[in-house]
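Work through the exercises below with the model open. Try each task before reading its solution.

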Amino acid sequence: METIARENVQQAIDETFAAQRIQAKYNRLSSVKERKILLEKLQNWIKNNHSDIQRAIHADFKKPYAEIDLSEIFVVTSEIKHALKNLDHWVKPKKVPTPIPMLGTKSYVQYEPKGTSLIIAPWNYPFNLALGPLVSAIAAGCTAIIKPSEMTPHTSALLRRLVEETFDKSQVAVFEGEVEVAQVLLSKPFDHIFFTGSPAVGKIIMKAAAEHLSSITLELGGKSPAVIDNKADIKDAAEKIVWGKFVNCGQTCIAPDYILVHQAIKDEFLKELVQQIKKMYDPSKKGIEKSKDYARIVNSKHLKRMKNLLADAELKGAVKYFGGHVEEEENFFEPTVLTGLTEEMEVMQEEIFGPILPVISFADLEEAINYINLKPKPLALYVFSKDSENINKVFKETSSGGAVANDCVLHFLQNELPFGGVNNSGIGKAHGHFGFLAFSNEKSVLKQRVGLTASKPLYPPYGFAGKKI
Ligand code: NAD
């Protein structure tokens, strides 16, 4: 960023932040009705600009329209509807019981907006992951500044337009740009920072937040495993995994990163996997590169990263069981299945975040569990089995942000569940009530009656000093 441009950005951010700080004080007293009006304005804009939203996201990486409708627009509108329906209930102070020594007092939890918030979004679901947290911020009564990802410029510009046409900048604002813009924003003393992105950048955000002791929600990534035991329905597992892995071209934080399959069914599972890939992405047998139902890699830098991961794995002995076809000018990378993997390969070390699927076999469930537990705690974990004991065993003996039996990715759409990671895959939770709580201070309130207190016998002078109590 040039010096002059940087100064302008700094000044604009300073002014907007100052305006939002003032607004945040008023927002403390904002009624549910006022917050609902803001949510409805957002809802209406989305409804009235449906095709503009589709066009912008499609222009960024050819995400299929059906995927845009489900994974970008529907997810946000359902989050809004859920907040509109439940907000009266969420904001109500929650009474807590009074223990005997506190008799005469009343205690409750009061939900106050944290104040000013910053939302930093990634590129992979650029609309949903910027606006989902915004819904929670508005529901909780916070102001918000959004920093969309620079990697999806069409969606970033659309988000800016949406916000400028819908909100006063003292309530919600967008600052587009690269890392430098994020850094200027991070220098401000926000009350809450909601970040979605990689664990590496998550650490940078946490350090910056520490400077002001801003609270944080970190929605990060990692290697999410899918375990297929010998009691799984192979076709059902393969079909669901192909969808969960290759939707958005594998660029999904909760996509199955790698497969752990029981050795007894490995061959059959691999065959079914390939059949399902062809059925979903190449029904006319013209080649997957012709499919309009398959997104592209976001840019040439990430395409190169995918190619390097594949080359490194093959060099170290991995076998390309299916796929591997690349069309550079289109950022096309075919769904690719790998076998013969070892831990030295980069593909088994870093989050793949693209359409490469390593398949490893195990001899018994204990071995699969130990393998998962040797890696950082994943964002999601999937188990495919008809044996509920096996499913519960894996769920109980591993730690992950979310866990799903016999499906993939679906928990993201369940508004009643908290969504998020654990340690390396994230800190704090999002969605629905949990998103509302992320942007709220759960203030503990205790009301005593004038002239009364149960603690008087504990005041000095301490008559009981030296006695056993
Ligand atoms: P990223 O961490 O590179 O970038 C995310 C955002 O942070 C962008 O807006 C970017 O401009 C900003 N940023 C980048 N470097 C920064 C820095 N040094 N200082 C301040 N801000 C900086 O992530 P990405 O490539 O956009 O997204 C991919 C990652 O996000 C994957 O790891 C994926 O698993 C994760 N993710 C997680 C979730 C979730 O809900 N947990 C959802 C989607 C993606």
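Domain bounds here come from an automatic or database domain assignment. The model is predicted: local features need pLDDT of at least 70, side-chain atom pairs count only at pLDDT 80 or more, and totals for chains, interfaces and linings use all residues. Residues are numbered from 1 along each chain as its sequence is written.

**Exercise 1. Locate the ligand relative to the domains.**

Task: Where does the shell around the ligand lie, and why?

Solution. 
Step 1. Take the bounds: domain 1 covers 1-221 + 428-441, and domain 2 covers 225-399.
Step 2. Collect the shell, where a residue is near a molecule if its C-beta atom, placed from the backbone, lies within 6 Å of it. There are 26 such residues around the ligand; the closest are Pro122, Ala182, Gly197, Gly221 and Cys253.
Step 3. Assign the shell to domains. Both domain 1 and domain 2 give residues to it, so the ligand lies between them.
Step 4. Sort by class. Ala, Val, Leu, Ile, Met, Phe, Trp, Tyr, Cys and Pro count as nonpolar, Asp, Glu, Lys and Arg as charged, and the others, Gly among them, as polar. The shell divides into 13 nonpolar, 9 polar and 4 charged residues.
Step 5. Look for helices. Helices (H or I, at least four residues) and strands (E, at least two) are DSSP runs, numbered from the N terminus. Helix H7 (179-186) and helix H8 (199-212) each supply at least two shell residues. The largest share, 3 residues, comes from H7.

**Exercise 2. Describe the domain contact.**

Solution. 
Step 1. Start with the centres. Taken over C-alpha atoms, those of domain 1 and domain 2 are 32 Å apart.
Step 2. Apply the contact rule: C-beta atoms, placed from the backbone, lie within 7 Å. Domain 1 contributes 12 residues and domain 2 contributes 14 residues.
Step 3. Classify the domain 1 side. The part touching domain 2 has 5 nonpolar, 4 polar and 3 charged residues.

**Exercise 3. Classify a helix pair.**

Task: At what angle do H4 and H5 pack?

Solution. 
Step 1. Helix H4 (65-91) and helix H5 (128-140) pack at about 10 degrees, with axes 9 Å apart.
Step 2. Angles under 35 degrees count as roughly parallel, over 145 as roughly antiparallel, 65 to 115 as roughly perpendicular and the rest as oblique. H4 is therefore roughly parallel to H5.
Step 3. List contacts. H4 residues including Val75, Ile80 and Leu87 meet H5 residues including Leu131 and Val135. The contact has 8 nonpolar, 3 polar and 2 charged residues.

**Exercise 4. Read the 3-stranded sheet.**

Task: What is the strand order?

Solution. 
Step 1. The open sheet runs E1-E2-E18, with antiparallel pairing.
Step 2. Strand E1 (94-96) and strand E18 (440-447) each have a single partner strand, so one side of each is left without a neighbour in the sheet.
Step 3. E1 joins strand E2 (106-113) through 3 bridges. Lys94 has Val109 in E2 as its bridge partner.

Definitions and conventions: Two residues are in contact if their C-beta atoms, placed from the backbone, lie within 7 Å. Axes are lines fitted to C-alpha atoms, for helices over the stretch in contact, and angles run from 0 to 180 degrees between N-to-C directions. Two strands pair if DSSP finds at least two bridges between them.
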